[in-house]
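Please have the sequence and the model open side by side. The text below goes from the whole chain to its strands, and then to the ligand.

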Amino acid sequence: MDAPVLKQREKLAGHIIQHLGKRKMDGSFAPTAAEAKAQVLRLIGAMKTPTSVIRCGSETVGGLGLWADIAALSGVTLMDPYAPGLSKEQGAEVRRQGLLADVLVASSNAITMDGRLVNLDGTGNRVAGMLFGPKKVILVVGMNKVAQDVAAAQDRVRAYAAPANNMRLGEAYGLKNPCLEDGRCHQCMSETKICNIWTIIEGQAVRGRIHVVLVAEDLGY
Ligand code: SF4
C-alpha cells in the first residue's frame with residue numbers, strides 16, 4: 001500500500017476508534033492483514049481458558065486464514081458449523097449453540113465514521129451473536145468498509161456487499177435472486193433472498209465487549 005494512503009487510513013481509523021470509545025467499544029488499527037490476524041489471536045489468547053469461539057461465514061475472517069490458527073490455540077475450542085461431514089441440520093445446531101460461545105469473531109458489513117456498526121444478515125446468527133450472548137465480539141474490518149454515515153453504510157451494503165455475497169453463495173445454496181443476473185440489488189422479495197435482517201449497533205452496555213480491528217488493507221466485501 002502507498003505510504004500516503006496508509007497514513008490517511010491510519011488517521012481515519014484513529015478518528016473512528018475515538019468514537020468507538022465513546023460508544024463503550026474498543027478499537028485498534030492494523031496496517032496489514034497479518035498484523036490484524038496477530039491482534040485477533042492475542043485478544044483470544046488473553047481470555048480465561050477454556051474458551052469457545054464460534055466460527056461464522058465471514059469472507060474477511062476466512063480470507064485471513066484465521067480459523068485454523070484459532071483452533072490451534074491452547075485451551076480454545078472452535079465451534080465450526082462448516083466442519084466437513086456435518087449435515088445442514090447439524091450445522092444449524094452448532095450456530096444455535098454458538099450464541100453461547102465465549103467469543104464471536106466476524107466482520108461488519110460497514111462501519112461509520114462515528115463508530116456505528118451496520119450489518120445485513122440472511123439468517124441472523126451472526127448479528128444475533130454481535131448483539132448478545134458471546135462475552136467477547138472481535139470484528140475485523142477493512143478500511144474499504146468505512147462509510148460516512150448510516151445511510152451511506154446501507155447504500156454500500158446494498159450496492160456492493162449484498163450482491164457480492166450472492167455471487168459467493170449463489171451456486172452452493174441454489175440462490176435465484178435478481179442480483180445474480182446483473183450484479184445490482186433490486187431490494188427483492190425472492191424466496192431465496194439472503195438480505196433479511198438489518199442491525200445498527202450504536203453502543204454497548206458492557207464496556208469493551210466489542211473490539212473492532214480496523215485494517216488498512218481492503219478486506220472482504
Ligand atoms: S436483490 Fe435481493 S438477494 Fe440480491 S442483494 Fe438485493 S435484496 Fe439481497
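The paragraphs that follow take the overall fold, the sheets, the core and the ligand shell in turn.

This is a predicted model, in which local features need pLDDT of at least 70 and side-chain atom pairs count only at pLDDT 80 or more, while totals for chains, interfaces and linings use all residues. Residues are numbered from 1 along each chain as its sequence is written.

The protein chain has 8 helices and 10 strands; helices (H or I, at least four residues) and strands (E, at least two) are DSSP runs, numbered from the N terminus. Along the principal axes, its C-alpha atoms fill a box of roughly 40 × 40 × 35 Å. The radius of gyration of the protein chain is 17 Å, which agrees with the value near 17 Å for a compact globule because the chain has 221 residues. That radius is taken over C-alpha atoms, and the globule rule is 2.2 Å times the number of residues to the power 0.38. Among contacts with a separation of 6 or more, 76% join residues 24 or more positions apart; a contact needs C-beta atoms, placed from the backbone, within 7 Å.

Strands of a sheet pair through backbone hydrogen bonds, either parallel or antiparallel. Here two strands count as paired if DSSP finds at least two bridges between them. Strand β10 (residues 210–215) runs parallel to β1 (residues 26–30), joined by 5 bridges, with G27 opposite V212. Strand β10 also pairs with β7 (residues 136–142) in the parallel sense over 6 bridges, and there V140 stands opposite V213. Of the 6 residues of β10, 5 are buried, so the strand is largely enclosed by the rest of the structure. Buried means that 20 or more other C-beta atoms, placed from the backbone, lie within 10 Å of the residue's own.

An open sheet of 4 strands has the order β8-β5-β6-β9, with mixed pairing. Strands β8 (146–147) and β9 (197–201) are at its edges with a single partner strand each, so one side of each has no neighbour in the sheet. β6 (residues 117–121) pairs with β9 in the antiparallel sense over 5 bridges, and V118 has I200 as its bridge partner.

The largest nonpolar core has 53 residues, of which V105, V140, V213 and V215 touch the most other members. Such a core is a set of buried Ala, Val, Leu, Ile, Met, Phe, Trp, Tyr and Cys residues joined through C-beta atoms within 7 Å.

Around the ligand are 14 residues, the closest being A162, C179, C185, C188 and C195; a residue is near the ligand if its C-beta atom, placed from the backbone, lies within 6 Å of it. Helix α7 (residues 150–173) gives the most to this shell, with 3 residues.

Terms used:
A residue is buried if 20 or more other C-beta atoms lie within 10 Å of its own, exposed if 12 or fewer, and partly exposed in between; C-beta atoms are placed from the backbone. Two residues are in contact if their C-beta atoms, placed from the backbone, lie within 7 Å.
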